[in-house]
Amino acid sequence: MESKLKLANYASQFPFILFYQGNYLEAPTISIIAIVEQHFKLTVKKSNLKTAIYTLIEALQNIERYSAHVISSEDFALIYSDNHYLNIYTQNMINNDKIDNLKKKLDSISIKDKEELRETYKEVLASDTLTEKGAGLGLIELARKSENNLTYSFEKKTEEYSTYSLSFSISINDEITENNNNVASTFNIIETLKENFNSNTSTFYYGGDFSNDFIKSLLDLLKKVKKEDKNSLNTKTHHLLIELSQNIKKHAYKLSNKITGQLFLEWKDNGLEISTYNLLTKNKNDKFSKKVESLIQKNYDELKEISKRQLADFSQSDGLGLIDIATLIYPEKIEFYSIEKNEELFELILKTKLNYE
Amino acid sequence: MSKEIFTIDAQEDTPTIIMERDGSKNLIIIKGISMPENSLEFYLPLTEKLFSFFNSFSNTTLDINLGYMNSMSNKQILKLIHTIYEKSNDLSVIWRYDKNDELIKIKGEEFQAIFPNINILLKEY
């Protein structure tokens with residue numbers, strides 16, 4: 001839990017962060033875009049958001065296009081923002097024989113100025129190479145929209161494969177501000193993410209608002225990329241996510257202009273772990289701890305009995321969510337870790353697990 | 001007497017509602033997902049609408065098929081069943097659930113246990 005707390009604390013400075021590591025074959029792009037779009041639609045000017053989304057699509061499709069699709073845990077995208085910039089970092093496995101050509105394209109794009117990029121774009125658009133897969137139009141567009149701050153690297157892993165990473169930032173705010181978060185901070189986050197998620201087969205990590213729009217986009221994403229999961233696991237996952245997300249929405253303490261909470265979905269060899277992080281007032285933390293400590297003592301029949309009593313008691317409007325969570329993950333137990341942040345607030349990590357059948 | 005129908009379309013996080021008055025038979029269908037953050041805002045006006053649409057609740061079937069339901073909605077649906085049953089005790093409830101969905105099935109069983117006198121039929125699909 002400590003490394004999770006470290007990541008959560010680090011990410012808390014940003015109003016938005018999303019990381020998805022896993023299968024990029026089943027087109028997760030649309031659902032990821034939907035999550036980003038719904039988060040920024042009220043705060044970012046429409047034309048700026050459009051440009052940011054446009055480049056994000058290119059970047060995510062860049063993974064789909066160049067990935068060798070061999071080790072899905074090596075394919076990932078990180079998207080985060082400080083409300084001035086949207087910072088995007090992608091990585092994927094690539095066949096070594098494709099590197100030369102790609103690197104040549106990137107090298108030639110990265111030295112061009114704005115005008116040259118515009119010319120190159122027009123040339124490529126008009127040329128016959130358009131039908132070729134990867135004529136480089138997408139990369140030229142990324143360079144143009146990001147005012148050419150593309151950073152890229154290749155790292156050889158085996159005789160056959162390397163990792164290819166690409167990162168850039170897009171301004172989403174018309175005020176000109178120094179982009180402090182770009183290289184150093186992206187590097188820090190990537191390191192902390194790897195520390196946390198290295199052994200996972202797949203990961204979805206998110207910090208932002210927990211509206212129902214978000215939950216629905218997330219469920220869409222899971223339906224697409226986790227089709228191979230057993231159905232029963234899927235429905236359980238979905239019920240859990242709804243309760244956990246709405247719990248955050250309802251109970252988390254929100255610091256102004258900061259994310260409400262964070263969500264971790266980690267696919268391991270033997271099951272799926274879902275954790276949440278958020279701040280709680282002391283009073284709510286005490287109530288929560290007491291409730292969970294009592295729930296984890298109960299067996300399945302006792303949980304069902306408690307649920308029934310709570311449901312039938314019309315005077316109570318609360319508390320069913322946690323009971324449902326405990327019932328859904330049984331025989332696994334809810335785990336939690338809460339530490340005092342200051343006199344009034346606690347940091348809470350709640351962890352649940354669903355085993356594969 | 002001809003059939004009269006009133007429909008409330010599904011929204012992002014609320015289900016489709018169909019109310020059907022056919023002679024002496026009443027049918028209420030609740031279908032889709034139900035996860036509004038404040039479920040009272042949906043279920044209170046719904047209950048009012050049901051009361052204005054149906055002259056009486058005798059011979060009523062309540063057909064519920066929810067893929068997702070948050071815990072707040074769960075309670076509101078229980079209240080709805082209770083409210084209709086109080087008006088007329090020949091209520092039948094059909095509770096549909098996906099065969100892979102243990103939680104929704106458990107919720108149906110809970111309703112049966114809470115209301116042993118109401119005819120609640122669990123139907124797997």
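Analyst: Let's start with the residues that touch. From helix 2 of chain A, A:T29, A:I32, A:I33, A:V36, A:E37 and A:F40 meet A:L49, A:I53, A:L56, A:I57, A:L60 and A:Q61 in helix 3 of chain A. Contact here means that the C-beta atoms, placed from the backbone, lie within 7 Å, and helices (H or I, at least four residues) and strands (E, at least two) are DSSP runs numbered from the N terminus. By class, that contact has nine nonpolar, two polar and one charged residues. For the classes, Ala, Val, Leu, Ile, Met, Phe, Trp, Tyr, Cys and Pro are nonpolar, Asp, Glu, Lys and Arg are charged, and the others, Gly among them, are polar.

Before going on, keep in mind that this is a predicted model, where local features need pLDDT of at least 70, side-chain atom pairs count only at pLDDT 80 or more, and totals for chains, interfaces and linings use all residues. Residues are numbered from 1 along each chain as its sequence is written, while chains are lettered from A and ligands numbered from 1 in the order in which they are written.

Now the geometry. Helix 2 (residues 29-40) and helix 3 (residues 46-66) of chain A pack at about 155°, with axes 10 Å apart; axes are lines fitted to C-alpha atoms, for helices over the stretch in contact, and angles run from 0 to 180 degrees between N-to-C directions. Helix 2 and helix 3 of chain A are therefore roughly antiparallel, a label for angles over 145 degrees.

Over in chain B, there's an open sheet of six strands, ordered 1-2-3-4-5-6 with mixed pairing. Strands pair if DSSP finds at least two bridges between them. Strand 1 (3-8) and strand 6 (119-124) of chain B are the edges, each with a single partner strand, so one side of each lacks a neighbour in the sheet. Strand 1 of chain B runs antiparallel to strand 2 (residues 16-22) of chain B, joined by six bridges. Across that pairing, B:I8 sits opposite B:I17, and B:K3 opposite B:D22. Strand 2 of chain B is also antiparallel to strand 3 (residues 25-34) of chain B, through seven bridges, with B:R21 partnered by B:N26. The hairpin of strands 2 and 3 of chain B has two residues between the strands, and B:G23 takes a positive phi near 60° there.

Finally, the two chains meet: 24 residues of chain A contact 20 residues of chain B. Helix 9 of chain A gives the largest share of chain A's side, 10 residues.

Methods. Parallel < 35°, antiparallel > 145°, perpendicular 65-115°, else oblique.
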